[in-house]
Amino acid sequence: MISCSQTTMELDGIVMKQPVATNESTINALDYLANLDFVKIRQKVDIAELITPWEVQNRYEVCDANDRVFITVTEESATCQRVFCTASQRSLVLHIQDISGQELAQIKKDFKCCAGGSVCAKADCCAMEMFVERPVGQPIAHVRQMFYCCFPKFHVFDGYGKQVFEMTGPCCPCQGPGCYDDLEYPLSNSGGSDSGAKVTKIWDGAGRACCTNANTFGIHFPANMDVQKKLSLFGAVFVLDYFMFESNDNE
């Protein structure tokens, strides 16, 4: 959408009003995020994945409750790891950018050959983790898969390694025929109290679910939550996606 403001121009002694286009790309994405209490992270469907067995680099759009896109997320990863490793194993960098292409933050995941098992998550070499950096090279949070038996559990830590949230989810993460409800992953504070935040795996319809691996998530959080904590919940979403919902022919 383009809005117009008014400015003036003098030509031959006549003052004329001229429209000046103001594109949405001029908004400050982090300032905009700071005032929201809900965002949707929607994975884009890639035609190459529909017609070939190859896993491609994922792309996502982050939008508000009115579906206004203000942030994009793009995966950077090696082709051989996407083809021969599971989503929870492969290393990657997720570039978080505003819609003008300016990088706002990065989310990084290291390669771990045995990542993805819940029983082995007590070992650092097996626990799936993602690190959120803003600016690049300066960690502000990381999200780690924890040991669990039935109900998935993840901890969110700040840049100093202090736990700030615990995220838990349902025992059965299935969506499909007869299971059309959204899946909720509430976040509690480190002391166990309700944080007012939760991640939701949104049911997108049978066609999208059956024919693609593209997922949609919602994040609810208090509008006054610190923007760095909101970014840390982006990390929680992508840990969920790559750990539980992203798949390829090798998994």
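Hi everyone, this is a short tour of one protein chain, from its overall make-up to a few local details.

First, the ground rules. This is a predicted model, where local features need pLDDT of at least 70, side-chain atom pairs count only at pLDDT 80 or more, and totals for chains, interfaces and linings use all residues. Residues are numbered from 1 along each chain as its sequence is written, and side-chain values use heavy atoms, with hydrogens and water left out.

Let's start with the whole chain. The protein chain has 5 helices and 14 strands; helices (H or I, at least four residues) and strands (E, at least two) are DSSP runs, numbered from the N terminus. Of its 251 residues, 44% count as buried. Buried means under 20% relative accessible area, exposed over 50%, and partly exposed in between, with a 1.4 Å probe and protein chains only. The accessible surface comes to about 12,400 Å², and 54% of that belongs to carbon and sulfur atoms; such areas come from the Shrake-Rupley method with a 1.4 Å probe, and for residues only the protein chains shown count as cover. Among contacts with a separation of 6 or more, 45% are between residues 24 or more positions apart, where contact means heavy atoms within 4.5 Å.

Now to the rings. How many aromatic pairs does a search of the whole structure find? There are 4. Rings of Phe, Tyr and Trp (its six-membered ring) pair if their centres lie within 6.5 Å; planes under 30 degrees apart count as stacked, over 60 as edge-to-face and the rest as tilted. One of the pairs is Y60 with F238, edge-to-face at 4.8 Å centre to centre and 70° between the planes. This pair links distant parts of the chain, with Y60 in strand β4 (residues 59-63) and F238 in helix α5 (residues 227-245), 178 residues apart. Y60 counts as buried because its relative accessibility is 2%, and F238 is buried at 0%.

Another edge-to-face pair is F154 with F243, at 5.7 Å centre to centre and 85° between the planes. Here too, distant parts of the chain are linked: F154 is in strand β10 (residues 153-158), F243 is in helix α5, and they are 89 residues apart. Both F154 and F243 are buried.

K122 lies over the face of F147, at 4.8 Å from the ring centre, and K201 lies over the face of F245, at 5.1 Å. The rule is that NZ of Lys or CZ of Arg is within 6 Å of the ring centre and within 35 degrees of the ring normal.

Next, a buried strand residue. T200 is found in strand β13 (residues 194-202), and it counts as buried because its relative accessible area is 6%. Which residues does T200 touch, not counting those up to four places away in sequence? They are D182, L183, E184, T216, F217, G218 and H220.

Finally, two loops with backbone details. The peptide bond from R134 to P135 is cis, with omega near -5°, and P135 lies in the loop between β8 (129-133) and β9 (139-145). In the loop between β4 and β5 (69-76) sits D67, which has a positive phi of about 65° although it is not a glycine. With a relative accessible area of 40%, D67 is partly exposed.
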